[in-house]
Each structure stands twice: as C-alpha cells, then as structure tokens.
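Start with the core, then cover the domains and the ligand shell.

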Amino acid sequence: MATYDVLIVGAGPAGCSAALTLRNRDKSVLMAYTGDGAMGLAEKMNNYPGLRGKTGREMIELFRAEAQEAGAELRKEKVSQLLSMGDTFSAIVGSEIVSARAVILTVGTARGKELPGEKELVGRGVSYCATCDAMLYRKRPVIVIGTDEESVEEANFLAGLASRVMYLCEKQHDVSALDERVERSTAKPQAIEKGDGAPGQAIRVITDQGAVSADCAFVLRPTVAPGTLLPGLETSNAGIVHTPDLRTNVPRVYVAGDAAGAPRQVAKAVGDGCVAAFSCVEDLKQLS
Ligand SMILES: Cc1cc2nc3c(=O)[nH]c(=O)nc-3n(C[C@H](O)[C@H](O)[C@H](O)COP(=O)(O)OP(=O)(O)OC[C@H]3O[C@@H](n4cnc5c(N)ncnc54)[C@H](O)[C@@H]3O)c2cc1C
C-alpha cells in the first residue's frame, strides 16, 4: 500500500499552497482531486497579486504545475472514504487504498445536494464508489445515479459484474458512451428508501416516474460531503469546524480554503493552505 506523510484532498489554491509548504518541509504528499473546483468557473481574477488578468483555469493550472514540480504527487481521482486507523489514515483514492499520517481537507464548497434518505443508507445499499464496492453486488441488480462522464465509465465497469445496471441522471451529461448492457432511464431520482429486503430489493430509488428497486444505488458525484467522507468530522453550516490554526476535531486532520468558511477567496485559500501545512508539520513531529 502506498504511504504518504500527508494526503491533501483537493487541488485548488488551498491544496496547492499546502502542498508547496509541505514539500518545503520535506514531507511526502499525495494531492488527489476531481476537477478544477471553484477556480475553474472564474472568468477573470483581478484581486490576486501577480497574476492579474489570468482566468481561474489558467491560474489553477499554474498552481498545480508548481506543486507537482515541488515534488507533490497529483492524481485526478476522487477520495471517496477516509478512515482513522490510529496513527495513520486509510483513504480510498480512485480504486486504490492509500495510507497517510495526516490529511488536509481542501474540498471547496461545491457538492451535489444529497437525496432524501441517501445519507442514512450509506453502507446499507448506498455506495459512493463503484470500484470499491462493485464486487459486493456481483450478479445482483444495481442502480447508478450519475452526474458526469466518469459516472458513465463506472456504470460500464458495473455492467460486467452486476446482473442488471439501471442508469439515472442526477445532472444532465453525455451518456452516449454507456455500455449497451446498461439500461438508461429518463426518470429523475428524487429520494432513496430502504427496500423490503427480498433479493434484489434492498433499496428503492423514488423517481418522478415511480420507484425502482435494486440491491445498491451507486451515487456517483465528484465530491462527497465532508462528514460522510470522514465519519466523526465536525461540520456546521459555515463549513468544517476548526481552530484558528485550522485543526479540525479529528487529530491530524486539517481544513483549508472555502471548506473552512468565509471569506471564500483565492488569497484566503492560499493563506489557509500554508497555515494548515504548518499545523500539520508541527503535529507530525509528535508522532515520529
Ligand atoms: C464564478 C466564480 C468566480 C470567482 N471569482 C473570484 C475572484 O475574482 N477572486 C477570488 O479571490 N476568488 C474568486 N472566486 C472564489 C475562489 O475561486 C475560491 O475561493 C477558491 O477557488 C477556493 O479554493 P479551494 O482550494 O478552497 O477550493 P476549490 O478551488 O473549490 O477546490 C476544491 C478542490 O477539491 C476537489 N475535491 C472536492 N471533493 C473531492 C474529493 N472527495 N476527492 C478529491 N477531490 C475533491 C475539487 O476537485 C477541487 O480540486 C470565484 C469563485 C467562483 C465560483
């Protein structure tokens, strides 16, 4: 299993800044991210020093390239689960399990709204990771609730294992690459309920065209709510709860950037990344 000093979840300005500081302190860093985050949506950023006139996307590409040049490993993969194992954390990154001694959460604020009932059924018929849980549903019927082209890829992977895969779109996206074994429905998912427990009916997805039953609903969004990502993490309406030096309530887990609360701006995210990295380096000294 690959092991790092620090796993950074997210590669926006907060994550890239944390990575640069950690590399200056000679820490091994894995930075996993699913996309360009909020910066990818920003046309022009005129209040960040030195890069006036650049688009958000141009800036984030520069930030990521610098982090990589400094020696951080970057992977364009979702972190779907974090578990504290005592002195280390286990993380599901894409389809791999990696280990890290500390975690910095720089996940921004963009995330899909959970469906009613979804959270309560995680691990009991709702999964956020097809690659991780597909084998549990071998030769059993499943539903994929997809949001983007990556969901299409995961549904195609499930088609080779499950007895039936039904695909529902939570957000409109290109589904032309869906495997012919995947059953495409135009129904809109509205809620998830516990099923009656008979084979193939562990859960029920309620849609605008009626209910569909299966043994698992794979809900495949590019982000996971922080409290679901790391059980026990304290969150509030303002973001992930933290001390002034960006420690969360979970030892050796830090937060930076928009996920830590307002003001949600690049300059603050970059500053947060640096502060969180220093707190992290200090705490890692106690471990070694
Ligand atoms: C339209 C728009 C215009 C803006 N204009 C300005 C401006 O002019 N000036 C300014 O200062 N700020 C501006 N902002 C705000 C600025 O973009 C944010 O404050 C900043 O990007 C926050 O950085 P961050 O690193 O905290 O989060 P983000 O940049 O949102 O990055 C979050 C990262 O987390 C990743 N991620 C999330 N969940 C997971 C997961 N489970 N696994 C792996 N990766 C994950 C995402 O892929 C992404 O890489 C604007 C924002 C928007 C939307």
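L7 touches L30, A32, F89, A91, V98, A100 and V103, leaving aside residues up to four places away in sequence; two residues are in contact if their C-beta atoms, placed from the backbone, lie within 7 Å. The model is predicted: local features need pLDDT of at least 70, side-chain atom pairs count only at pLDDT 80 or more, and totals for chains, interfaces and linings use all residues. Numbering starts from 1 along each chain as its sequence is written.

L7 and A217 have the most contacts inside the largest nonpolar core, which has 86 residues. Such a core is a set of buried Ala, Val, Leu, Ile, Met, Phe, Trp, Tyr and Cys residues joined through C-beta atoms within 7 Å, where buried means that 20 or more other C-beta atoms lie within 10 Å of a residue's own. This core lies between domain 1 and domain 2 because both give residues to it.

The domain bounds come from an automatic or database domain assignment.

| Domain | Residues |
|---|---|
| Domain 1 | 3–111 + 224–287 |
| Domain 2 | 119–220 |

The C-alpha centres of the two domains lie 30 Å apart. Seven residues of domain 1 are in contact with six residues of domain 2.

Around the ligand there are 37 residues, of which G10, G12, G37, G108 and G257 come nearest; a residue is near a molecule if its C-beta atom, placed from the backbone, lies within 6 Å of it. Helix 1 (13–24) and helix 6 (266–287) each supply at least two residues of this shell, helices being DSSP runs of H or I with at least four residues, numbered from the N terminus.

Terms used: A residue is buried if 20 or more other C-beta atoms lie within 10 Å of its own, exposed if 12 or fewer, and partly exposed in between; C-beta atoms are placed from the backbone.
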